[in-house]
Structures are given as structure tokens and as C-alpha cells.
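Please have the model open as you read.

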Amino acid sequence: MTPEVAVILGLSVATLVLLLVAFFATTRQDREADESERSGETPLPSVEAARSPAQPSTGHVGIDYPDPRTIKVGDTIDCQGVRSRVLGALYLSWQGNQWTEYLLDDGTRRYQWLSIQMRAGLAAGDPPHLEVLLWTPVPTEGMIPAKATLSVEGVDFFPVDRGTAAFRGEGVTSMPERGLLDFADYRAADGRLLSFERLQGKRWSSSHAQPLAPGTIRIEKKGG
């Protein structure tokens with residue numbers, strides 16, 4: 001065998017080996033993909049995908065968006081695409097907790113309350129967070145808040161908090177300048193909230209809400 005033939009034969013064998021390795025590697029990948037599909041497993045995301053957050057950052061209150069706690073009576077706010085004027089405010093306190101409720105008028109005589117409260121973290125070590133709730137009146141046909149589960153329009157609400165808060169009013173609120181407010185709060189499994197409130201000795205009124213992202217509130221300061 002001449003040297004030239006030996007070289008050509010060696011190259012041919014090497015090429016054949018590489019083709020066989022590539023063939024078996026491709027076949028194995030296809031087989032693993034088929035097995036994953038049959039078993040219902042979801043392929044793992046790439047490293048870049050794993051590093052990317054599932055949702056954009058909500059930003060920082062007072063830096064990336066106005067702090068809702070700076071809302072004052074007379075301001076105009078944009079909440080969920082609806083512009084409303086702040087007619088009045090109630091400043092409440094109960095067992096060391098403080099929060100503010102703003103009475104909103106969107107010009108259609110549909111009045112809503114916007115409550116702002118700084119809440120402690122859900123678990124030890126979690127930072128506090130700002131809770132923003134837009135309350136809409138809901139008829140409960142004289143229902144009295146019980147200490148057990150309540151069912152309203154087919155939804156079960158579980159008791160969360162109840163008590164009597166002291167309040168101070170400002171502007172138009174249909175409430176006295178100062179007084180005591182009984183309340184009972186409930187939460188459904190899907191996060192919806194139900195609350196009963198009354199001036200002591202008066203009738204209960206009720207409303208429901210879902211939490212809003214603080215950054216969705218746009219504020220136009222009075223006279224601005």
C-alpha cells in the first residue's frame with residue numbers, strides 16, 4: 001500500500017467515525033425530547049431565561065412613582081384610568097395601626113373610598129409594603145358581620161380583622177369630625193376583600209375591594 005493510499009484511507013475512516021458520532025448524538029437528543037413530551041415534562045429554561053424576571057419591577061414608591069400617602073383633600077387622582085377628585089379623608093388608628101381613607105368623586109355621583117396603609121411583612125424579615133385598596137359599595141341586604149365565614153354572591157369570605165377604630169375627618173366625608181368606627185374585614189380565597197363599617201350605634205354598610213399596585217395611582221396636586 002502506497003503512502004498516499006494509506007493517508008486517504010485514514011481520512012475516510014476518521015470522517016466515517018465523526019459522522020457516526022454525530023448521528024448517534026442527534027438520535028439520542030430526539031429520543032430524549034420525545035420521552036419528555038410523552039411524560040408531560042416541561043423542558044428547563046435556558047440560563048438567560050432563568051435570569052430574566054417573570055414580571056417587570058414595580059419600582060420604588062416616591063422615586064419611580066408618586067407616593068399615594070401624599071394625597072391631600074382637593075387633589076385629583078387617576079386610578080385605573082378614572083380621574084376622581086378627593087372630597088375628604090378619614091385618618092384612622094386601631095391598636096397601633098394607622099391608615100387613611102379618601103372619599104373619591106369621579107363626577108358621576110359614584111363615590112368610592114381609597115384606603116392607604118403601610119403593612120408589615122407577611123413573614124419575619126420581610127420588609128413592610130404599601131397596601132392600596134379601592135373600595136366599591138356592595139349591597140348586603142341588612143347582613144350583619146358575623147365572626148364566621150360569610151357568603152356573598154356565591155363567594156365565601158373568611159374573617160380577618162374586626163374592632164373599633166378612632167378617626168378624624170377632613171373635608172367632605174358624611175362623617176363627624178371625630179368619632180369611633182366599628183369595622184369587620186373579610187378576605188376570599190382569590191384575594192378579594194369585604195369590609196363592614198359603621199359609626200357606633202348606626203347601621204352597617206359594606207364594600208368590597210381588590211389590592212392595587214401603588215404605582216397605578218397618578219396624583220394631580222391641588223392648584224398644580
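Y186 and F196 are both buried, where buried means under 20% relative accessible area, exposed over 50% and partly exposed in between (1.4 Å probe, protein chains only). Before going further, a word on the source: this is a predicted model, in which local features need pLDDT of at least 70 and side-chain atom pairs count only at pLDDT 80 or more, while totals for chains, interfaces and linings use all residues. Residues are numbered from 1 along each chain as its sequence is written, and side-chain values use heavy atoms, with hydrogens and water left out.

Now to the rings. Two aromatic rings are described by the distance of their centres and the angle of their planes. Here, rings of Phe, Tyr and Trp (its six-membered ring) pair if their centres lie within 6.5 Å; planes under 30 degrees apart count as stacked, over 60 as edge-to-face and the rest as tilted. By that rule the structure holds four aromatic pairs. One of them joins W99 and F183 edge-to-face, with 6.1 Å from centre to centre and 80° between the planes. This pair links distant parts of the chain, since W99 belongs to strand β3 (residues 97-105) and F183 to strand β8 (residues 178-188), 84 residues apart. Helices (H or I, at least four residues) and strands (E, at least two) are DSSP runs, numbered from the N terminus. W99 counts as buried because its relative accessibility is 12%, and F183 is buried as well, at 6%.

The rings of Y186 and F196 have centres 6.0 Å apart and planes at 80°, so this pair is edge-to-face. Y186 sits in strand β8 and F196 in strand β9 (residues 193-199), ten residues apart. Ring pairs also link W94, W99 and F183 into a cluster.

Next, follow strand β7 (residues 155-171). Two strands pair if DSSP finds at least two bridges between them. Strand β2 (residues 82-94) runs antiparallel to β7 and is joined to it by six bridges; there, Y91 has R168 as its bridge partner. Strand β6 (residues 150-152) also pairs with β7 in the antiparallel sense, over three bridges, with V152 opposite V155. These two strands form a hairpin with two residues between them, and E153 in the turn has a positive phi of about 55°.

What joins β7 to β8? Eleven bridges do, and the strands run antiparallel. R168 stands opposite R178 in β8. The hairpin of β7 and β8 has six residues between the strands, and S174 takes a positive phi near 65°.
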